[in-house]
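Work through the exercises below with the sequence and the structure side by side. Each one sets a task and then gives a solution in steps.

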Amino acid sequence: MRTRTLTLPAALGAALLALAALPADASGATAPRSAQEGSVSASALLAKVTSCSQISNGKYKTDDETSATVPVCGKNGAVFWKADMDVDCDGQVTAKCNADTDPWFQDDTAFHQSDGRALRADSLPYVVVPSSSSIWKYTSSGIKGGGVVAVVYNGKVEYAVVGDTGPTKIIGEASYATANALGIDPDPETGGADSGVTYILFKNSQVSPIESHSAAVSLGDSLARQFLANN
């Protein structure tokens, strides 16, 4: 996980958004899925996170050059935040994630597959949590590697796992595969979403093995239904 300092001019940002909307053969990216994962709708989840009971000792930045505006919020059985999405390509070296495609590339992740290898960002949906600090210690909230995350964006729900840790003062990052599944440009250098992404992390959950996305979807759907019932 790296600290990003990239700021796109408005014109370039608009151009990238237009590119992300192109079909797969024009943009080079896999076409986003049309159906959400699981049985719980994006609107149902968002209805439960309209207000924030802040549990972090302060707020996070979304990028180095922005001010700290994002709190970590607590709910029954979960924590959540609303931020942007930077694209993390760290982990196994692949054609899409490597030092040539990503200037911040690192060949490791904080949490590893069952075979001991780093996670694979271009095929496994995972979310980055801030490294523990005086602002917030994720483990104290029942969040652990392999924990389930419901990522909500533009009417879609994608289930991911907690797969990497990042800077202590920055929040809002997920793997190439997470972005791609949500219809967000997954390019690690120029892609991502400037805002509108909600991350709901379910406490004391853990997918085993961490690299099984189908297990994340199954457990995530169950936890999402519990989340709706308990909040």
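**Exercise 1.** Decide whether phenylalanine 227 counts as buried or exposed, and describe its ring pair.

*Solution.* The model used here is a predicted one. Phenylalanine 227 has a relative accessibility of 2%, and since buried means under 20%, this residue counts as buried. Phenylalanine 202, at 3% relative accessibility, likewise counts as buried. The next step concerns the two rings, and a pair of aromatic rings is described by the distance of the centres and the angle of the planes. For phenylalanine 202 and phenylalanine 227 the centres are 6.1 Å apart and the planes stand at 75°, so the pair is edge-to-face. Finally, phenylalanine 202 belongs to strand S7 and phenylalanine 227 to helix H5, and the pair thus links distant parts of the chain, 25 residues apart.

**Exercise 2.** Find how many aromatic pairs the whole structure holds, and describe the one formed by tryptophan 81 and tryptophan 136.

*Solution.* A search of the whole structure gives three aromatic pairs. In the pair of tryptophan 81 and tryptophan 136, the distance is 5.8 Å centre to centre with 75° between the planes, which makes the arrangement edge-to-face. Tryptophan 81 sits in strand S2, whereas tryptophan 136 sits in the loop between S3 and S4, so this pair ties together parts that are 55 residues apart in sequence. Both of these tryptophans are buried. Ring pairs also bring in Tyr199, which forms a cluster with Trp81 and Trp136.

**Exercise 3.** Name the residues with the most contacts inside the largest nonpolar core, and find which element gives the most to this core.

*Solution.* The largest nonpolar core has 60 residues, and those with the most contacts inside it are Trp81, Met85, Tyr199 and Phe202. Several elements each supply at least two residues of this core, among them strand S2 (78–88), strand S7 (193–202) and helix H5 (213–230). Of the elements, S2 gives the most, with seven residues.

**Exercise 4.** Trace which strands pair with S4, and work out how its side chains point.

*Solution.* S4 and S5 run antiparallel and are joined by six bridges; in S5, glutamate 158 is the bridge partner of valine 151. These two strands form a hairpin with two residues between them, and asparagine 154 in the turn has a positive phi of about 55°. S4 also pairs with S7 in the antiparallel sense, over four bridges, and valine 149 stands opposite leucine 201 in S7. In a regular strand the side chains alternate between the two faces of the sheet. Here Val148, Ala150 and Val152 point one way from S4, and Val149, Val151 and Tyr153 point the other way, and all are buried.

Note on methods:
Residues are numbered from 1 along each chain as its sequence is written. This is a predicted model: local features need pLDDT of at least 70, side-chain atom pairs count only at pLDDT 80 or more; totals for chains, interfaces and linings use all residues. Side-chain values use heavy atoms; hydrogens and water are left out. A nonpolar core is a set of buried Ala, Val, Leu, Ile, Met, Phe, Trp, Tyr and Cys residues joined through side-chain atoms within 4.5 Å. Buried means under 20% relative accessible area, exposed over 50%, partly exposed in between (1.4 Å probe, protein chains only). Rings of Phe, Tyr and Trp (its six-membered ring) pair if their centres lie within 6.5 Å; planes under 30 degrees apart count as stacked, over 60 as edge-to-face and the rest as tilted. Two strands pair if DSSP finds at least two bridges between them.
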